[in-house]
Amino acid sequence: MRKALQLDIAGHRLFGTLHDRAPLPPQSGTTSERIGVLLMSFGQQPRSWVGDLGSSIADRLEEQGYPTFRFDMPGLGDSPGDIPVHLEELWRDILSGAHEVALHALCEDLVRRFSLKGLVVGGFCGGAVTALYAINSRSPQILGLVLLEPEIALVRTSSPSTAATPAPLTVDSTLEVLDILKTRICSLESWRRLLKGNSDLKFWGKLWYGLLDFTMRKLSNIGRRKKLLPPETNHRMLNAWLLARRLRIPTLVVSVGTPNRSKYYQAYGLQPGVADLKSALQWIEIPNTTHAMLTGGAKEAVGKYTEAWISENFPLGTSKR
Amino acid sequence: MVNSPPNDSSMKQSGHEQLEQADYLSVDREQLYYVLHPTTLPLRGRVLLAGPFASERPHRYIPLVRWSRYLANQGFEVMRFDHRGVGESTGRFEDYGFQSWSDDIRHCANWLQSRSPAAPLILHGLGLGALLGDRLFEQGLADIFLAWLPPKSAREMLYEQLKLKMSNNYTLPSSERKTRDQYVADLERGEIVEVEGHNWTPRLWAEAAEYAFGENNPSDPSPGTSPRPRHTAELDALATHTFGGVGPNPLRVPGSGPAMRLVNPDLSQSFDTASAWLNEAVSKAGGNRNA
């Protein structure tokens with residue numbers, strides 16, 4: 001059974017859907033052992049996703065006994081809000097974390113409102129990136145991640161950023177780092193400010209942290225890969241991924257198993273199709289389908305894998321339904 | 001050519017968006033999802049917005065929601081919904097077809113019409129919604145009919161949507177290489193064809209033969225009354241591109257950097273034109289009602 005939800009979250013009015021076999025009245029002040037699932041759409045797509053993949057996965061999870069939520073982020077689907085004119089600008093904003101604040105607040109609200117033990121957060125494409133950002137809150141309520149066709153690259157656009165949340169300084173390539181350093185080192189004004197103690201230490205701190213992070217990543221890649229990460233790499237997203245793995249958050253990745261898609265992930269230092277038990281990562285590839293994961297039986301397969309993985313990692317036996 | 005995001009500030013200030021409500025209607029043991037956009041202005045009419053075919057729905061959703069909000073800001077109460085088996089409504093896509101989707105429109109129209117105070121009911125369809133609405137209007141449903149981008153027939157619409165299947169096939173090296181006519185032959189042989197995650201059944205294809213736009217002659221008006229207003233709008237290039245995916249991006253300036261696609265262009269010109277026609281039609285319908 002589906003229930004339409006409208007919640008005031010972080011200054012936005014978000015429209016969503018709850019799939020639950022027997023919707024319980026929201027409780028407050030008590031915590032149950034129930035684990036919910038929150039699925040995020042991507043970009044311009046409403047919360048049922050293309051081909052209604054999102055709603056079909058939610059139907060399956062509901063059948064298994066997991067209350068499953070799907071929400072439209074601000075300005076998308078039924079949720080009011082402003083979005084850019086161009087699609088690529090919208091994508092860029094989302095990949096940079098424009099929905100992160102709303103997502104953190106939404107997760108907290110759902111856990112409290114429906115007295116859940118926690119949430120498994122999942123998403124498709126850029127929605128998977130948003131889902132991954134849930135981990136940045138380091139909330140113990142985020143119990144697992146389901147990343148369907150996660151996008152690692154940032155989108156290049158010909159217009160300035162209109163992201164609601166400014167992205168932190170990231171070091172996208174060696175050339176960019178050198179460029180920033182050269183500008184600062186060659187600037188007399190910069191040295192004068194530094195000697196007077198008026199230098200923007202925050203900038204230098206972030207820059208050196210970025211350089212250190214970059215160098216460490218390069219060093220850690222020795223022997224595994226020879227190429228640098230592509231300049232369009234979404235480092236913020238990869239950092240969240242690394243954090244999830246460090247925290248051993250159970251993570252399921254489902255991606256398209258074509259040679260091109262595999263090469264895409266390999267270019268970013270990932271190993272598609274390879275599970276890593278140490279960091280609780282399972283990665284499944286679905287052959288002979290497209291990015292939308294609908295054709296060639298993929299719609300069914302994605303639902304089955306997700307359902308099986310959630311049942312295995314978060315068995316209902318521990319819940320008090 | 002400059003196109004800035006639509007200015008929704010007037011809507012926010014008047015609080016129309018805060019009043020929007022999503023819920024379900026019960027239809028034959030399934031849940032039919034709808035969103036109601038009430039208005040705080042004096043009520044001019046109620047608009048039932050029947051949307052496009054399942055595979056087009058995700059791509060037309062944002063402009064349709066913006067249009068609904070625009071209308072609410074003009075004094076119209078708007079209801080939009082998902083057909084059974086599609087989007088937020090429950091049911092398996094393959095269990096439904098053009099007849100049941102027509103029943104959905106009728107069901108929503110009855111619900112909307114039962115609200116008070118009484119106001120003219122406007123049936124407004126986009127794509128599939130226009131095709132189905134055409135027949136329902138001629139059967140007497142609603143006071144006014146406005147069609148946007150209607151396909152010539154249901155079969156033509158499905159044939160066009162098969163392009164999606166073709167483009168998917170051509171991106172996969174190991175996929176089958178069938179023509180659209182071969183898929184049609186499969187359907188006529190009784191096979192199911194999956195298109196963009198929805199299973200098309202032979203029944204869907206068979207039913208499609210019975211639906212063509214404008215095939216029903218407008219019924220003769222009662223003596224002393226004029227025909228109920230109906231209109232197939234000619235949308236400008238920007239609205240046609242946004243609502244129908246037809247033609248290139250009209251805002252694209254050659255040599256202006258990477259090509260970008262539109263997701264939320266300013267459609268106020270088309271909205272103003274359509275709204276002006278609706279206002280005129282409501283006045284006319286009001287005259288008919290009084291007569």
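How much area do chain B and chain A bury between them, and what percentage of it is on carbon and sulfur atoms?

Reply: In this predicted model, chain B and chain A bury about 3,700 Å² between them. Of that area, 49% is on carbon and sulfur atoms. On the side of chain B, Glu88(B), Met260(B) and Arg261(B) lose the most area to chain A. Together these three residues account for 17% of what the side of chain B buries.

Counted by contacts, the interface involves 49 residues of chain B and 46 residues of chain A. Between the two chains there are 4 salt bridges. One of them joins Asp78(A) to Arg80(B), with the closest N and O atoms 2.8 Å apart. Several elements of chain B each supply at least two residues to the side that touches chain A: helix H2 (16-19), strand E1 (21-27), strand E2 (30-37), helix H3 (57-72) and H6. The largest share, 8 residues, comes from H3(B).

Next, the confidence of the prediction. The model scores ipTM 0.92 and pTM 0.86. The average pLDDT of chain B is 90, and 88% of its residues score at least 70. Residues 8-14 of chain B have a pLDDT below 50; beyond near neighbours in sequence, this stretch has 13 contacts in the model.

Among contacts in chain A with a separation of 6 or more, 76% are between residues 24 or more positions apart. The accessible surface of chain A comes to about 14,100 Å², and carbon and sulfur atoms hold 58% of it.

Some backbone details remain. Most residues other than glycine have a negative phi, and most peptide bonds are trans. In chain B, Leu149(B) has a positive phi near 45°. Leu149(B) sits in the loop between strand E6 (144-148) and helix H6 (154-171), and its relative accessible area of 26% means that it is partly exposed. In chain A, Ala280(A) has a positive phi of about 60°. Ala280(A) lies in the loop between helix H9 (259-267) and strand E8 (281-286), and it counts as partly exposed because its relative accessibility is 21%. Finally, the peptide bond between Ser116(B) and Pro117(B) is cis, with omega about 0°. Pro117(B) is in the loop between helix H4 (98-113) and strand E5 (121-126) of chain B.

Key. Residues are numbered from 1 along each chain as its sequence is written. Chains are lettered from A and ligands numbered from 1 in the order in which they are written. This is a predicted model: local features need pLDDT of at least 70, side-chain atom pairs count only at pLDDT 80 or more; totals for chains, interfaces and linings use all residues. Side-chain values use heavy atoms; hydrogens and water are left out. Helices (H or I, at least four residues) and strands (E, at least two) are DSSP runs, numbered from the N terminus. Buried means under 20% relative accessible area, exposed over 50%, partly exposed in between (1.4 Å probe, protein chains only). Contact means heavy atoms within 4.5 Å. Accessible areas come from the Shrake-Rupley method with a 1.4 Å probe; for residues, only the protein chains shown count as cover. pLDDT is the predictor's confidence in each residue, from 0 to 100. Buried area is the accessible area (1.4 Å probe) that two parts lose on being put together, summed over both. A salt bridge is a side-chain nitrogen of Lys or Arg within 4 Å of a carboxyl oxygen of Asp or Glu.
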